[in-house]
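Hi,

Here is the structure I promised to pass on. Have a look at it first, and then read my notes below.

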Amino acid sequence: MSVHKNLKKVTTHSLFEMKSAGKKISMLTGYDFSMARIIDEAGMDIILVGDSASNVMAGHETTLPITLDQMIYHASSVVRAVKRALVVVDLPFGSYQGNSKEALSSSIRIMKESGGHAVKMEGGHEIIESIQRILTAGIPVMGHLGLTPQSIYKFGTYLVRAKEKDEADRLIEDAIALEKAGCFAIVLEKIPADLATKVAKMLTIPIIGIGAGNGVDGQVLVIHDMLGINNEFSPRFLRKYNNLYEQMMVSFQNYISL
Ligand code: KIV
């Protein structure tokens, strides 16, 4: 059991060094104090306060309803627990798409009010100006391409993206543009493994995959999914490390019956 064997804080720079040294980067979502403390003490490199909180914490069908205030609430709970991991906070839907000024002020609120260390935003060329403006304020930005759940009503399904050459070419161009703009890392969600591997080899910044194969620089999962808390969600890419739904059910039933 490792409790902070290595207390050297993870930074955007150390992630870059990990990629250069061929060391895999670990990343999980976290939304609350108690869980974040365990994730951090386990030695996770990055904790993502994902807007998937909208699904797994609040029970919404999509990530769209969660607000900036709610993201700040989750992020500040996580930050209070963390000693080592880099805490990245999702900019929620509607808090950055308007224009670069809005994107900057939402990012500043996250940094000031939650104490998070970086923001993540979904999109490619259409958000480059916003990324540059956020970076000029000294706020690190993580990109997110492929299946971007905030655009679910545009896609229509949660199926794999960029299977066709046109979309794959566009994704490569977007990834290059995000690196050029100054993103410190990119999440690639649900794209073919060979495409994700190609992007990871092409770019110098870390590429973190979810449902994008093993040829990337690190993996990210939603904590409820990898712990098996949600027994109704079992996509092919998801490796479950526990079956907490069943274990919790048995515990609760034992409590009731004793
Ligand atoms: O919100 C989230 O959990 C995410 C991950 C799926 C990458 O963005």
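What follows is a run through what I found, starting with the ground rules.

This is a predicted model, so to speak plainly about the cut-offs: local features need pLDDT of at least 70, side-chain atom pairs count only at pLDDT 80 or more, and totals for chains, interfaces and linings use all residues. Residues are numbered from 1 along each chain as its sequence is written, and side-chain values use heavy atoms, with hydrogens and water left out.

**The barrel**

Eight strands form a closed barrel in the order S1-S2-S3-S4-S5-S6-S7-S8, with parallel pairing. From one strand to the next the twist averages 25°. Helices (H or I, at least four residues) and strands (E, at least two) are DSSP runs numbered from the N terminus, and two strands pair if DSSP finds at least two bridges between them.

Take S1 (residues 25–29) to begin with: four of its five residues are buried. By buried I mean under 20% relative accessible area, with exposed being over 50% and partly exposed in between (1.4 Å probe, protein chains only). On one side, S1 pairs in the parallel sense with S8 (residues 218–221) over four bridges, and Leu-28 stands opposite Leu-221 there. S1 is also joined to S2 (residues 46–49) by three bridges, again running parallel, with Ile-46 as the bridge partner of Met-27.

Val-119 stands opposite Val-141 of S5, and Glu-122 has His-144 of S5 as its bridge partner. S5 is mostly covered, with six of its six residues buried. Helix H8 (residues 165–181) lies across S5 and S6 (185–189), and runs at about 180° to S5. Axes here are lines fitted to C-alpha atoms, for helices over the stretch in contact, and angles run from 0 to 180 degrees between N-to-C directions.

**A lysine in S4**

Is Lys-120 buried or exposed? Lys-120 lies in S4 and counts as buried because its relative accessibility is 2%. Its side chain is joined to that of Asp-90 by a polar contact of 2.8 Å. A polar contact is a pair of N or O atoms within 3.5 Å; within protein, one must be able to donate a hydrogen and the other to accept it, and residues adjacent in sequence count only if both atoms are side-chain atoms. Leaving aside neighbours within four places in sequence, Lys-120 is in contact (heavy atoms within 4.5 Å) with residues including Leu-48, Val-88, Asp-90, Met-142, His-144 and Val-187.

**A helix pair**

H4 (residues 68–81) and H5 (residues 100–114) pack at an angle of about 35°, with their axes 9 Å apart. Among the H4 residues that make the contact are Leu-68, Ile-72 and Val-79, and H5 contributes Ser-106, Arg-109 and Ile-110, among others. The residues of this contact divide into five nonpolar, three polar and three charged.

**Two positive phi values**

Most residues other than glycine have a negative phi. Ala-162 has a positive phi of about 60° although it is not a glycine. Ala-162 sits in the loop between H7 (152–155) and H8, and is buried, with a relative accessible area of 5%. Lys-190 is another residue other than glycine with a positive phi, near 50°. Lys-190 lies in the loop between S6 and H9 (193–202), and at 17% relative accessibility Lys-190 counts as buried.

Ser-54 is found in H3 (residues 53–56) and is buried, at 0% relative accessible area. A polar atom of the Ser-54 side chain lies 2.7 Å from the backbone oxygen of Thr-62.

Arg-239, by contrast, counts as exposed, at 55% relative accessibility. The loop between H10 (223–226) and H11 (244–257) is where Arg-239 is placed. Arg-239 touches Leu-221 and Met-226, not counting residues up to four places away in sequence.

Cheers

How values were computed
Nonpolar A, V, L, I, M, F, W, Y, C, P; charged D, E, K, R; others polar.
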